[in-house]
Each structure stands twice: as structure tokens, then as C-alpha cells.
Amino acid sequence: MPFESHKHIDYKQFKTSYRTHLCGEIRKDNLNEKVSLCGWVNSRRDHGKLIFIDLRDFSGIIQLVFDPARSSETYSLAKKVRTEFVLRVEGLIRKRSKDTVNKDLATGEIELSVEDLKVLGKSSTPPFLLTETEKVDEMSRLKHRYMDLRSTKMQENLRLRHAIVSQTRDYLNQKGFLEIETPILAKSTPEGARDFLVPSRLNPGKFYALPQSPQLFKQILMFSGFDRAYQIAKCFRDEDLRADRQPEFTQIDLEMTFVDEDDVISLIEGMMAVVFRKVLNTELKLPFRRMTWQKSMETYGSDKPDLRYDLPLTDVSDIFSGTSFNVFKQVLSKKGCIKSLVIKEGQSFTRKDLDQLIEMAKNYGAGGLVWARVEPDNTLKSPIAKFLSTGETGSLVKKLKLEPGNLLIMVADNFLVTCNSLGAIRKHIGQKLGLIKSGYEFLWVHDFPLFEKDSRDNTITPMHHPFTQPDCESIKLLDHDPLQAKSLAYDIIVNGQELGGGSIRINDLNLQKKIFELLGFTPEMIEQNFGFFIKAMDYGIPPHGGIALGLDRLVMILGQLESIRDVIAFPKTQSAVCMMTDSPSGVTNKQLQEVHIEITKSD
């Protein structure tokens with residue numbers, strides 16, 4: 001069910017010296033009442049003897065009627081009014097005739113017969129019509145954001161955001177959390193993405209960093225005995241952007257002491273249930289499904305699978321253990337795997353479609369893919385058909401329950417490349433064939449690897465962050481096989497998007513130092529980057545854990561939108577530019593001198 005902001009409005013709170021009502025609240029119950037309204041001109045129609053103006057405020061639209069027989073002065077002034085003028089009007093509410101009722105408007109059965117009109121603000125010709133913002137180029141919308149924000153769509157999106165934040169705060173407050181802010185000007189610490197740096201005028205040559213997250217601060221709050229705390233936290237990361245990523249974004253960030261994974265997961269499930277019930281009037285089925293990282297990757301080729309449609313992956317490596325097909329043989333000799341995906345409606349895929357799938361697999365690191373069509377006699381028509389034995393073909397048909405008309409896709413490579421390639425293809429096919437059902441499918445993915453290997457230099461990096469607790473069985477692996485270690489981390493997924501992630505944190509000083517060392521930090525680097533944190537861990541640290549949920553993404557998902565730019569009042573473009581203010585921008589030499597910075601030209 002879509003969000004309906006009018007159900008969350010207490011109209012009585014908006015009465016002021018300028019107005020008695022909001023435009024969108026007037027109904028038949030107000031017939032013959034004298035009211036005062038304020039708003040913007042949404043449209044104007046001059047019918048010669050009568051002028052009609054649709055007046056808009058955030059609550060909705062009401063039709064105004066200007067009749068020279070009622071007030072010639074007001075009628076004359078209405079002739080000069082144009083779109084987006086700001087008006088204050090007084091008059092009587094009257095019923096529309098049956099043939100003029102507008103069923104598309106909540107106020108469509110009534111209108112205001114205007115007796116007095118005041119122009120509070122004039123407007124130049126708008127850069128675009130608010131009723132047609134869907135047709136307007138996004139760059140134009142962002143440049144004129146002050147206009148775009150007047151549109152019904154943006155008004156609803158930001159009211160949805162407010163409602164979600166309000167319900168989240170109420171829920172966490174009732175659960176005993178304290179809302180505690182942490183610094184925006186902080187220390188630069190290596191946490192995965194690039195920092196935004198802020199030079200210090202009072203400390204020449206030194207810099208603050210805008211926080212990528214409040215991770216260290218919220219853990220220190222737990223060290224300090226606050227038990228549980230949260231904040232609606234601004235976070236900053238200097239990284240390449242996309243539809244669901246911004247250089248500055250907002251997290252619902254919380255931390256708790258004396259908890260395990262189940263405690264955090266249960267709390268968040270309860271919060272999601274309340275938000276969906278109160279905001280969308282939708283009941284979520286609890287508890288959410290859970291799946292290990294290994295199972296998620298093996299079955300769906302992703303650690304954030306969309307469960308609104310089927311299309312599972314199946315490992316068929318065993319079928320080709322003795323294959324003569326050289327590509328498969330080489331992959332298996334290197335301890336790789338062969339995975340498959342069966343498309344029931346395979347007849348609709350043209351050769352061009354198949355070539356697109358091949359390119360998609362290559363984009364994710366695979367050498368390509370193998371496809372095969374199932375013929376009426378259950379044989380396989382494929383470019384590699386001549387390399388497949390009768391036994392291999394029969395085993396594929398039996399294991400995958402292939403039927404005539406099916407399309408079989410196979411990728412052979414190392415585990416991650418195979419999974420990622422087929423995972424992307426699975427998502428593409430789900431969209432192409434319209435397999436995605438409506439509704440919300442939540443999932444917890446857990447038992448993540450503690451580390452992953454950086455393909456660029458073969459170093460190990462944390463899968464989440466360096467403060468994630470390994471599970472008990474994995475601690476003994478750290479000395480000889482750290483890449484096999486599992487973590488007490490958990491991600492919450494909805495409809496194929498990661499909504500947030502968290503973990504139980506390390507509360508043992510020696511273990512924390514060991515994790516830093518495995519990541520390549522020398523004692524000097526540990527002291528330089530995390531000295532304050534390490535010192536704090538030396539004074540009795542409780543078991544603790546938490547999670548951070550992407551607020552922007554949550555609003556985007558509940559609003560069924562495609563971009564988080566539509567749920568942020570003043571977002572940046574994909575090149576990190578604010579079109580409205582033209583930032584980032586240059587500064588004066590005096591400003592640079594004050595912070596002891598000199599700009600040099602690159603070669």
C-alpha cells in the first residue's frame with residue numbers, strides 16, 4: 001500500500017493569522033463556511049466571465065472561482081495572476097455543479113468563491129510545469145530543486161522520510177535507547193572508502209575527516225556504559241556514485257551492550273514491523289528468513305538476493321568430473337566450479353539476447369558462458385553440444401529437470417566469479433521476463449567470511465570492517481588460514497537490496513590487535529590510526545554489537561522509487577555536484593592561506 005501523507009496530517013495545527021484551513025482539507029462538511037487559504041497558483045483558466053485558479057499547498061489543491069459580479073476588484077486582480085504566484089484568498093465554500101465535479105481531487109466536489117485576494121509573492125515563468133516533472137530531465141530538476149521540491153512527488157517523498165524517521169525514533173526510544181550525537185569533525189581512520197578531509201586553521205598542516213560512519217564513537221559509547229544508543233547519523237564517503245549512493249548520506253545507526261546476533265536481529269525486525277505498519281499500513285511476517293552467506297551465494301549468486309522470484313543456481317561440477325570439454329576441464333583442475341541457471345521460458349531468447357548474457361558474464365570476470373536449448377527430444381542444442389557426452393547430457397536433463405523449451409545457462413570459473421556472473425544474469429532475467437512479484441521479501445544473510453582477498457595486490461581486507469568479531473570456531477584459523485574464518489556479521493536484505501549491515505564487535509584487546517596485524521597494520525600504524533580506540537579497550541569492554549541501516553535506501557524502497565536522489569532534499573549528481581548551488585566551487589586565495597593550503601597545477 002502506498003504512503004498517504006494526508007493520513008499523517010493534523011490539520012488543526014496549521015491555522016495561522018494568514019489562514020483558517022489548508023487547501024487540501026476542505027470538504028462538503030465546510031459548505032457555506034467563510035475560510036482563508038494560502039498557497040501557490042497551480043494553474044489558471046480564464047473563461048471570459050469567470051476565472052478559475054487551482055490553489056496548491058502541501059496538503060492538496062482547491063479550485064478558486066473569481067466572479068466579477070461578486071467582486072470586480074478581485075476579478076481584475078485575478079486577471080494578472082500567473083502560475084506559481086503566492087496568494088491569500090478569502091471567501092465562501094460552495095458546492096460544485098454535478099457536471100463540474102472533479103473526481104481526481106479530494107476537494108473535487110467543492111470550490112471557493114473568492115471575495116478577497118492578496119498577492120503575497122509574484123513568480124517568473126517557471127522552468128518547468130510541476131505537473132510534468134516526470135518528463136523533465138533530472139539535471140534540470142536538480143538545478144531548479146526549489147521548484148522540483150514543490151511537486152506532489154517530492155512533497156510525498158520527503159513526508160514519507162519524515163514518517164519513517166519519526167516511527168524509528170519512537171520505537172528505539174521505547175526500547176530504552178538514548179539518542180546521542182557523535183562528531184562530524186573526526187580523525188581520519190582507514191575504513192575502506194576515501195575520506196573527505198577538512199583542513200584545520202588552528203592546527204596548520206593537520207586535517208579532520210568527515211566520518212564514513214560513527215562506528216568507533218558508538219562503540220566507545222558502549223565502553224562508557226550507556227548500554228544502548230542510536231542516532232540518525234550523517235555519513236560521508238568520497239567514492240564513485242550511482243543511483244543508490246551519495247557522497248553524504250544518512251544512516252539509522254545503533255549499538256547495544258550484552259547482546260548476541262539474535263538480540264540485534266530481533267530488535268530490527270520489530271522496528272521494521274512497526275515502520276511498515278504505521279507508515280504503509282502493511283503487516284510484515286516475522287521472523288524474517290535467514291540464510292548463510294555461503295548458501296546465498298551458491299543458490300542465488302549474490303549476498304543480497306531478491307527472493308520475490310525463483311531462478312536458483314545449481315552446481316553441476318560433478319556431472320563434468322570426467323569431461324573432455326577443455327574449458328570445463330581446466331576450471332575443475334584449478335578447483336573452480338560449474339554452475340547453471342535454467343530459464344523455463346527460454347524460447348523468447350534470441351541470439352542477440354544470448355550475446356548480451358555472454359557480455360554480462362564477461363563484465364563480472366568470467367571468460368563467457370555456455371548456453372543450450374532443450375529440444376523436443378530432450379537433446380541439447382548448443383555451440384558445445386559436440387563436446388558433451390550422452391551421459392553428461394542425460395545427467396543435466398535429470399538433475400536440472402530440463403524440459404523442451406528450456407534454456408540452460410552455465411558459467412565455469414572460480415566460485416566468486418561464477419556466482420557473481422550468474423547472480424547478475426539471474427537479476428537481468430527476472431526483470432526481462434517480468435518474474436518479480438509485488439510486495440516485500442526480507443532476508444537476513446549471516447555467517448559472512450571475516451576477510452576477503454583484494455584481487456589487485458592479494459592482500460586481505462575485512463569483508464565488513466576491522467571491528468567485527470570472528471565466530472568462536474574461526475579464531476583458531478586466524479594464524480594459518482584467515483580467509484576461511486567466519487564472522488558474527490549480518491546484513492538485512494529486502495527485495496534484492498542491502499538495507500543495512502551490522503555485527504557483534506570485538507571486545508578483546510589482544511584479538512583486536514591481531515585483526516589489525518592480519519590486515520597489514522604495523523604497531524606504529526595501529527597507534528597512529530586507532531591509538532585512542534585501543535587505549536579505550538584497555539579498561540573493561542562489554543560484549544556489544546549493532547547495526548547501521550541506510551535511511552535513504554529505506555525511504556527509496558518504501559516509496560518504490562529508483563534513486564535515493566528522490567528522497568534527499570538537496571542531493572548531488574553522479575559526479576558529486578550540487579546543480580542548484582554549483583558546488584563544489586573555488587575559494588579565494590585568502591581562504592586557502594588561512595588553512596595553510598596551496599593549490600598546485602597537475603602535470
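How much accessible surface does the chain have, and what percentage of it belongs to carbon and sulfur atoms? The accessible surface comes to about 30800 Å², and 49% of that belongs to carbon and sulfur atoms; such areas come from the Shrake-Rupley method with a 1.4 Å probe, and for residues only the protein chains shown count as cover.

A word before the views: this is a predicted model, in which local features need pLDDT of at least 70 and side-chain atom pairs count only at pLDDT 80 or more, while totals for chains, interfaces and linings use all residues. Residues are numbered from 1 along each chain as its sequence is written, and side-chain values use heavy atoms, with hydrogens and water left out.

**View 1. The whole chain, to get your bearings.** The C-alpha trace spans about 95 × 75 × 55 Å along its principal axes. Look for 15 helices and 22 strands; these are DSSP runs numbered from the N terminus, with helices (H or I) of at least four residues and strands (E) of at least two. Of the 603 residues, 49% are buried (under 20% relative accessible area, with exposed being over 50% and partly exposed in between; 1.4 Å probe, protein chains only). Among contacts (heavy atoms within 4.5 Å) with a separation of 6 or more, 68% join residues 24 or more positions apart.

**View 2. Helix H1 and its buried residues.** Helix H1 runs through residues 72-79, and its buried residues are Thr74, Tyr75 and Ala78. They sit on the same side of H1 because they cover an arc of only 100° around the axis, an arc taken from the directions from the helix axis to the C-beta atoms. Their cover includes strands E1 (34-46), E2 (51-57), E3 (60-66) and E5 (110-121).

View 3. Leu422 counts as buried because its relative accessibility is 0%. Beyond its neighbours within four places in sequence, Leu422 is in contact with Leu313, Lys339, Ser340, Leu341, Ile409 and Val411. Ala361 is 61 residues away along the chain, yet its C-alpha atom is separated from that of Leu422 by 7.1 Å.

**View 4. Lys339 in strand E13.** Strand E13 covers residues 337-343 and holds Lys339. Is Lys339 buried or exposed? Lys339 is buried, with a relative accessible area of 3%. A polar atom of its side chain lies 3.4 Å from the backbone oxygen of Glu298. Not counting residues up to four places away in sequence, Lys339 touches several others, including Asp315, Phe415, Cys419 and Leu422.

Notes
A polar contact is a pair of N or O atoms within 3.5 Å; within protein, one must be able to donate a hydrogen and the other to accept it, and residues adjacent in sequence count only if both atoms are side-chain atoms.
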